[in-house]
Amino acid sequence: MVAVLQPTHSAAMNARIIGSGEDTIIFAHGFGTDQSIWDKTIPFFTKRYTVLLFDWCFSGSIQEPNHLFDPVKHSSFHGFANDLIDLLDEIGLKSSVFVGHSMSGMIGCLASIRRPDLFKRLILLGASPRYINCEDYEGGFEETQIEDIFINIESNFHGWASYFATVVVDANDPVAVDKFEKCLVSSKPEIILSLAKTVFLSDHRDILEKVDQVPCTIIQMTNDIVVPMSVAYHMQKQIKAESTVEVIEADGHFPQLTHTNAFVDTLDRVLEPNDESSDSDEIISLDSEMVNVVA
């Protein structure tokens, strides 16, 4: 089943409802991409779940002229959280599973604080509340590295996009690298620059303790240059709701592109924890926290 949505806010965000099932999964893409980033993942779930896909306002897939992106409103993740709440209210979804990649993880957290009724579970894939290192926190980047990103986007957008894609995507998968690069350059440079400042200068560590009603699963790659492993455990420690960490042993920030089977297996185990297929997964104990490891 494919539902054709009326020309409304949801239609402007290219929202699509696919599949069938009592439970709904919302897949929200991250920085510089669009909903096609989930193309390899979605077929595994549409026979069992209703799936909602959409494009954030910065996406190159948004129809021109793009009136959705507001550099003031979207200078904060709160603006995106408002968009998400409006979208779900318009469609009439409640108690859904939200899978948020990268920046969308924190957007989902913010939305769940305001409207916990909309979410059954948050699945935070490669999410981070802060990207810049500080005295008591490893975010993954020094301030000078972040400033270099802004300078390169402004001075040589296409050159930066090509380089950035090879760094954040597993370089052993050139097709995935090319996919991310094409998504990046499909957006306007000025929008990506504004978005990069919103993302990489953000600090939402203080809101994690307010995520106290919706259970969370944090999915982390073992070698992600964007989000160090320590960030996943920091988030788990600070989130007040029930939370677990799932680790995928692989490189890069895009397991849905580069390690699809491991990512799908992890989602399956989270969504259907009593499924016998999860029996073969290795489970280790770390500081009294249960951590599942998928190779």
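1. S95 is partly exposed, because its relative accessible area of 41% falls between the limits of 20% and 50%. This is a predicted model, and the backbone at S95 deserves a look there: phi is near 50 degrees, a positive value in a residue that is not glycine. S95 sits in the loop that runs between α2 and β5 (96-101).

2. N14 also belongs in a list of backbone features. Its phi is near 55 degrees, again positive in a residue other than glycine. The residue lies in the loop between α1 (9-12) and β2 (16-19). With 25% relative accessibility, N14 counts as partly exposed.

3. Which peptide bond is cis? The bond from E64 to P65 is, with omega near -5 degrees. P65 is part of the loop that links β4 (50-53) and α2 (77-91).

4. On the annotation: UniProt, in an unreviewed entry, lists residues 24-127 as "domain: AB hydrolase-1". In the model, the chain over residues 24-127 is 26% helix and 21% strand.

5. Next, the core. The largest nonpolar core has 100 residues. Those with the most contacts inside this core are F27, F31, W160 and F200. As background, nonpolar side chains in soluble globular proteins tend to be buried together.

6. What does F200 touch, leaving aside its neighbours within four places in sequence? The contacts are F31, Y131, I132, F141, I146, F150 and F164. One of these, F31, is itself named among the residues with the most contacts inside the largest nonpolar core.

7. F164 is located in helix α5 (residues 157-168). Is F164 buried or exposed? It counts as buried, because its relative accessibility is 8% and the cut-off for buried is under 20%. Beyond its neighbours within four places in sequence, F164 is in contact with F31, F180, L184 and F200. D55 stands 109 residues from F164 along the chain, and the C-alpha atoms of the two are separated by 21 Å.

8. How many cavities of 30 Å³ or more does the structure hold? There is one. The largest cavity has a volume of about 110 Å³. Its lining consists of 14 residues, and F31, S102, F164, V226 and H253 are those nearest its centre. Helices α5 and α7 (189-200) each supply at least two residues of this lining. By type, the lining of the largest cavity divides into nine nonpolar and five polar residues, with no charged ones. F31 and F164, both nearest the centre here, are also in contact with each other.

9. The second largest pocket holds about 250 Å³ of space. It is lined by 13 residues, and F141, Q145, I149, Y163 and V167 lie nearest its centre. α4 (143-155) and α5 each contribute at least two lining residues, and α5 gives the largest share, five residues. The lining of this pocket comprises nine nonpolar, three polar and one charged residue. F141, listed here near the centre, is also a contact of F200.

10. S230 is found in helix α8 (residues 229-238). At 32% relative accessibility, S230 is partly exposed. S230 and Y137 are 93 residues apart in sequence, yet their C-alpha atoms are 8.7 Å apart in space.

11. V264 lies in helix α10 (residues 260-271). V264 is buried, with a relative accessible area of 4%. Apart from its neighbours within four places in sequence, V264 is in contact with T41, F44 and F45. One of these contacts, F44, is 220 residues away along the chain, and the C-alpha atoms of V264 and F44 are separated by 7.4 Å.

Technical notes:
Residues numbered from 1 in each chain as written. Predicted model: local features only at pLDDT ≥ 70, side-chain atom pairs only at ≥ 80, totals over all residues. Heavy atoms only, no water. Helix = DSSP H or I, 4+ residues; strand = E, 2+ residues; numbered from the N terminus. Buried < 20%, exposed > 50% of the residue type's maximum accessible area, 1.4 Å probe, protein only. Contact = heavy atoms within 4.5 Å. UniProt positions renumbered as here; feature names shortened; annotations may be inferred. Core = buried A, V, L, I, M, F, W, Y, C linked by side-chain atoms within 4.5 Å. 1 Å grid on protein atoms, 1.4 Å probe; cavity = no way out; pocket = protein on both sides within 12 Å on 5 of 7 lines; lining within 4 Å. Points joined across faces, edges and corners; volume = space filled by probe spheres on them. Nonpolar A, V, L, I, M, F, W, Y, C, P; charged D, E, K, R; others polar.
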